[in-house]
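Here is a short note to read beside the structure. Keep the 3D view open and find each residue as it comes up.

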Amino acid sequence: SRAFPVVKAPNVVEVLAEAATRWGTPASMLSDNGAIFTAAYRGGRCLTEIVLEAQGIEFRHSRPYHPETCGKVERFHQTVKKYLVMHDAPSSVAGLQRQLDTFTSYYNEVRPHRAKGRKTPLEAFNARLKATPIGPPGAPFLHYRIRKDRVDDAGKITLRYAGKLRHIHVGRPHRGRPVLVLVADRDVRVLSEDHELISHVVIDPAKNYQAKSTV
């Protein structure tokens, strides 16, 4: 559990990357229809969807206004809230994070669970075989980086790869536009502030100027 003043799609990707590093990359993910998870209702894809697709992770959404689909995590939230109201309200996000960390450690590593034969959730998790992504393997989450940039007057952005500056083509119509850049090894995707994909480049290490692959 991670606390944020406001949660945005890059925060989701960062937390997923941390979880994948600690627990392994999952075969699938289930979420509600929040804008940080999906842009399907806007006719596009958001950053979270793009990253999961690149990882080969199947992404499923609950039906709108049907929280029962995500019932397990909704029930978990109820337990977390009961814990938090029993303690003094934190004065900062960092204070809230400390409370969440204390609860998570106790819930997963100390408290035995009746439905798990009096094992802790961590013991039950470690005893199970783990599913892995069934799609084409993408770059490990660990190699992802996200940065903000602005398209220059020539319609490109610049980033460093393999010790050299690479010029990534975005397009002159986007001159001066603030963008979000998602880098996974040689795969570079440039998104608008609304997380619309506007350029996709697979870096050719032999070239400094990288032409746009697809949109």
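1. Start with a term. Two rings of Phe, Tyr or Trp form an aromatic pair if their centres lie within 6.5 Å, and planes over 60 degrees apart count as edge-to-face. This model is predicted, and it holds five aromatic pairs.

2. Take one of them. Phe76 and Tyr107 pair edge-to-face, with 5.2 Å from centre to centre and 80° between the planes. Phe76 belongs to helix H3 (residues 71–85) and Tyr107 to helix H4 (residues 93–109), so this pair ties together parts 31 residues apart in sequence.

3. Tyr107 counts as buried because its relative accessibility is 17%, and the cut-off for buried is under 20%.

4. The charged end of Lys130 sits over the ring of Phe125, 4.5 Å from the ring's centre.

5. Now a loop residue. Thr120 is in the loop between H4 and helix H5 (121–126). Thr120 has 8% relative accessibility, so it counts as buried. Leaving out residues up to four places away in sequence, Thr120 touches Asn108, Glu109, Val110, Arg111 and Pro112.

6. Last, confidence. The protein's average pLDDT is 87, and 94% of the residues score at least 70. Confidence is highest in H4, at a mean of 95, and lowest in helix H2 (residues 47–55), at 83. Where pLDDT is low, predicted coordinates should not be read in detail.

Key:
Residues numbered from 1 in each chain as written. Predicted model: local features only at pLDDT ≥ 70, side-chain atom pairs only at ≥ 80, totals over all residues. Heavy atoms only, no water. Phe/Tyr/Trp six-rings, centres within 6.5 Å; stacked < 30°, edge-to-face > 60°. Helix = DSSP H or I, 4+ residues; strand = E, 2+ residues; numbered from the N terminus. Buried < 20%, exposed > 50% of the residue type's maximum accessible area, 1.4 Å probe, protein only. Lys NZ or Arg CZ within 6 Å of the ring centre and 35° of its normal. pLDDT = per-residue confidence, 0-100. Contact = heavy atoms within 4.5 Å.
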